[in-house]
Every structure is written in C-alpha cells, then in structure tokens.
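The following paragraphs lead through the aromatic contacts of a structure and then through one of its sheets.

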Amino acid sequence: MIAIINTGCANINSVRFAFERLGVTPEVITAPEKLASFERAILPGVGHANVAMKRLNEQGWDQAISDYQRPLMGICLGMQLLCESTEEGNIPCLGRIPGKVALLETNELSAPHMGWNNLNVLKSHALTAGLDEQDQVYFVHSFAHSVNQSTLVSGEYGQPFSAIVANDNYAGMQFHPERSGKVGAQLLQNFINWQL
C-alpha cells in the first residue's frame, strides 16, 4: 500500500490518479503516525519551500519521514524538501538526500524551467529501469538540486541539474512523473517495483 503525504500544500489528485491508472490505489494521509504502516510513500509538493517545510515541521512529518525505513519518493518540491537545504527561503530541509537546492541558472533561457526535456541516465538503479536517452518528462521548477553522488539521472536547462536522486530508501524526481505520459507511468511503476 502506498501513502501520499498530504501536508496541505500539494496538488495530490494528479499523483493519486496516476497510480490508479497503474492499478494501485494509494491512500492520502494527513497524520504522520500513520506513515509507518505503509509499504511505500510519496511526498508531493507544489509551492514555496519555506511554507512547505514549516508545515512539515509543525505537523511532525519531519520526524516521521526521518524514521521511515521503506521506499519514500519526493516529487518536484517534495524532492527538494528531502535534500539538505534550499536557497528558496534559505532554509534547512529534511536532510535525507545529500546535496543542496539552488536557484536554477537559466542564463538566456526563460525562467522557470517549464516544459518537456530529455533525461541523461548517469547510474543504473531500479528507479531508472527502461529509461531511454530519447525519453522526455515534464518539468516545472525554478530551483534545482546540483548533480552529485546521489544523482541517478540529470537534466539540463541552462545548467546540468538532478532529475532523479536516491539515497538509501529515499528518492526524488524533480519533474512530474504524473504528467509525463508513458515515461512517467514507467517511472511510477519502477517506484512500485523498487525493493530495498
């Protein structure tokens, strides 16, 4: 069973529907104490990191997520919140994935980074199964995690950045797999199949 963590600042319906299309019905949970009873979990996120992190801390999600021993994946802002810190509000984050999040240096490209982009697979992992260099996914973001030892897949928009990261039982996707068609569906299925 998959839990979708609802902190009140995420569009969770599209994520829920994406899993339902794969034959899995996730449960949206609002109580941190429920998290431990699920086989895997999703931390979605939309909005400002400062507001989202404040809610995670106030509602007790920070501890519940730190204690969680099974696969947990952040999507978009949810991925950034799993990292060490973010320049968006200059705040510490959950610290589950090594690396800092900084403003994306888009140079002459328009910001935020919004639209379909290719992926570059750097490391083989259960989460990258079936990914091809020609595959594209849908991004909407202004901040990004730099490419480091936790990066499985990178993207490029003005600069290279992490598109998929993983560390122990924690992972993140900067793009929106729930809005990325067949490729996104494959990646969500990979998360369902991921065994630690």
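Is Phe 139 buried or exposed? Phe 139 has 0% relative accessibility and therefore counts as buried, where buried means under 20% relative accessible area, exposed over 50% and partly exposed in between (1.4 Å probe, protein chains only). This is a predicted model, in which local features need pLDDT of at least 70 and side-chain atom pairs count only at pLDDT 80 or more, while totals for chains, interfaces and linings use all residues. Residues are numbered from 1 along each chain as its sequence is written, and side-chain values use heavy atoms, with hydrogens and water left out.

The structure contains 4 aromatic pairs; rings of Phe, Tyr and Trp (its six-membered ring) pair if their centres lie within 6.5 Å, and planes under 30 degrees apart count as stacked, over 60 as edge-to-face and the rest as tilted. Because the planes of Phe 139 and Phe 161 stand at 90°, with the ring centres 5.4 Å apart, this pair is edge-to-face. Phe 161 is also buried, at a relative accessible area of 0%. Between Phe 191 and Trp 194 there is a tilted aromatic pair, with 6.3 Å from centre to centre and 55° between the planes. Both Phe 191 and Trp 194 are buried.

A separate element is an open sheet of 4 strands, ordered E6-E5-E7-E11 with mixed pairing. Strands (E, at least two residues) are DSSP runs, numbered from the N terminus, and two of them pair if DSSP finds at least two bridges between them. Strand E7 (residues 97-103) and E11 run antiparallel, joined by 3 bridges.
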